[in-house]
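Reader: Could you walk me through this structure, step by step? I am new to reading models like this one.

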Amino acid sequence: MRINFKHEWIETNIGLMLVLTMLAISVGGLVEIAPLFFINKTIEKTEGVDVRPYSPLEMRGRDIYIREGCYVCHSQMIRPFRDEKMRYGHYSLAAESQYDHPFQWGSKRTGPDLARVGGKYSNEWHVQHLLAPRSMVPESVMPNYPWLMTLLDQSDVADRMKALRTVGVPYSLTEAEREANVKKFGEQVAEQLHIPDANKNLVEQANLGNYDGKPGVSEMDALVAYLQVLGTMVDFTKVNEDELVHSR
Amino acid sequence: MSEQNLQSQTVQTTGHAWDGDLEEFNNPLPTWWVYTFYVTIVFAIVYWFIYPSWPFGKGFLTGFSNITYVNKAGETVSSHWNTRALLMEDLNKADEMQKPYFSKVAASDFNQIAKDPELSGFVLSAGKALFTDNCAPCHQQGGQGKLGFFPNLTDDDWLYGGTFDKIHQTITGGRRGYMPAFGEVLNADQIDALANYVASLSGIAHDANKAVTGKALFTSETAACYYCHTESAKGRQDIGAPNLTDKIWLWANVPGADKAEDKVAAIRNTIATGVNKGVMPAWGERLSSDQIKVLTVYVHQLGGGK
């Protein structure tokens, strides 16, 4: 059987061509756009998954992570493969990057994945490793970042949080929003997410953690605070693995 | 010209001539291409039925392909095809392969593992992989440590003890080094005296008079060094206070200094500023108990196991 189709039919009939072009484009558009309306369904809501937005200090550390282009060589996405589980830990969940704007999944690993680097090394190691990577890992090709020991610019912490709030991160501006956060994340976390207290919280966390071992809040403090929280928010001892499997 | 005529007889044209003789061929697509295209369409439809594909109602079409695996509780779970289930199946296979070894590791005590040649062979290779992934960034590839940062694991000097049980405890719970800074408690002369005494303990050239004063201070209530380092200065492994009588250094950069006075200065510096580092993370939640057991035996055999 041979259908005697002639492309001439379309090419000489501009109305038909218009309709068919729109049809082709809308199929492509639908495939790209429709899944975005269901994105909330991809976030795992099982027990043990208590992901919170970053504290002001961690948020500034994330900004430095982006500024220095760490994402160019480091991914934050552990794929569900055995070799990745053995080396980096449990595969990443969608819930774990729900407050990341933009997400830091990355697409290339020159260095190792950092999705679960939090708590793996001491602050001291991170500081020394960021200043002079080869002093800790002789074969490393990572550049030195000596300027991270400079003081952190704290002038616009609240503005940065407001920007993230605009794209959906539940940082609170009003008392009502704070109350909602208390219900959702608990008193302690909600305090950290309150924009009017951002600078106070940032300094407090930096002094308490003293990540770089030096007085004052440096960019190093912020970056190490960020690195130390990566991948630590989900309690996998409470997570039901079968639920994670079935949610896909 | 004759060739053109020949073609226009066998091949269809669009039927329109520009400038008198400019025509456009209207060749059909090659048959092989058309049929390959049809095959890809059929392939896609078959694929939709085997693997998860289209959104459907409140969920999606899960496909006919199934994966079964055994979960942690030992129950057999069946799931539609997805990469997470695939990982579980993969882990099951790997567990099955390693089971003969890991079940022996779990059933044996440390000494039995170290003595059994087959088991210790397994522990050495598995331990090396675990050590490289998790421990080497700080303790370095061969376990030689880093002066001023992380202790050497290959010598027989231990901060927290080098028995199997102590190493196991260190890996599981982590450690935190601490010595108060004496810079504000003692004056410069006192610190100098103490440094000379500590230097004398490990055979570094020192001022003998200062060392005598230092020894008195060491055991006095003013400096109270003996609380942690003990009166004999051999240290206390239960709190991680190092032995000061050997020639092994971690915090004071004594080996890096050439001249004796620089070595004493390095000791002075550590006494004045104290130690508030030497943090080792706890691995109890990051690694499985079998993995920690393997690592314990691996670290123990690096050279200094007691």
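Predicted model: local features only at pLDDT ≥ 70, side-chain atom pairs only at ≥ 80, totals over all residues.

Reader: Which residue in the hairpin of β5(B) and β6(B) takes a positive phi?

Author: Helices (H or I, at least four residues) and strands (E, at least two) are DSSP runs, numbered from the N terminus. The hairpin of β5(B) and β6(B) has five residues between its strands. The one with a positive phi, near 90 degrees, is B:Gly74.

Reader: Before we go on, how should I read the numbering and the model?

Author: Residues are numbered from 1 along each chain as its sequence is written, and chains are lettered from A and ligands numbered from 1 in the order in which they are written. The model scores ipTM 0.85 and pTM 0.88. For chain B, 97% of residues reach 70 or more, and the mean pLDDT is 90.

Reader: Which residue is the bridge partner of B:Ile67 in β6(B)?

Author: Two strands pair if DSSP finds at least two bridges between them. Strands β5 (residues 66-70) and β6 (residues 76-80) of chain B run antiparallel and are joined by five bridges. In β6(B), the partner of B:Ile67 is B:Ser79.

Reader: How many helices and strands does chain A have?

Author: Read along its sequence, chain A follows an α-α-α-α-α-α-α-α-α-α-α-α-α pattern. Its secondary structure comes to 13 helices and zero strands.

Reader: What is the radius of gyration of chain A?

Author: This value is taken over C-alpha atoms, and the globule rule is 2.2 Å times the number of residues to the power 0.38. A compact globule of 248 residues would come near 18 Å. The C-alpha atoms of chain A fill a box of roughly 80 × 50 × 40 Å along the principal axes. The radius of gyration of chain A is 23 Å.

Reader: Which element gives the most to the side of chain B that touches chain A?

Author: Residues are in contact if their C-beta atoms, placed from the backbone, lie within 7 Å, and 23 residues of chain B are in contact with 25 residues of chain A. On chain B, β6, α3 (83-107), α5 (117-139) and β8 (279-280) each supply at least two residues of that side. With eight residues, the element that gives the most is α3(B).

Methods:
pLDDT = per-residue confidence, 0-100. Contact = placed C-beta atoms within 7 Å.
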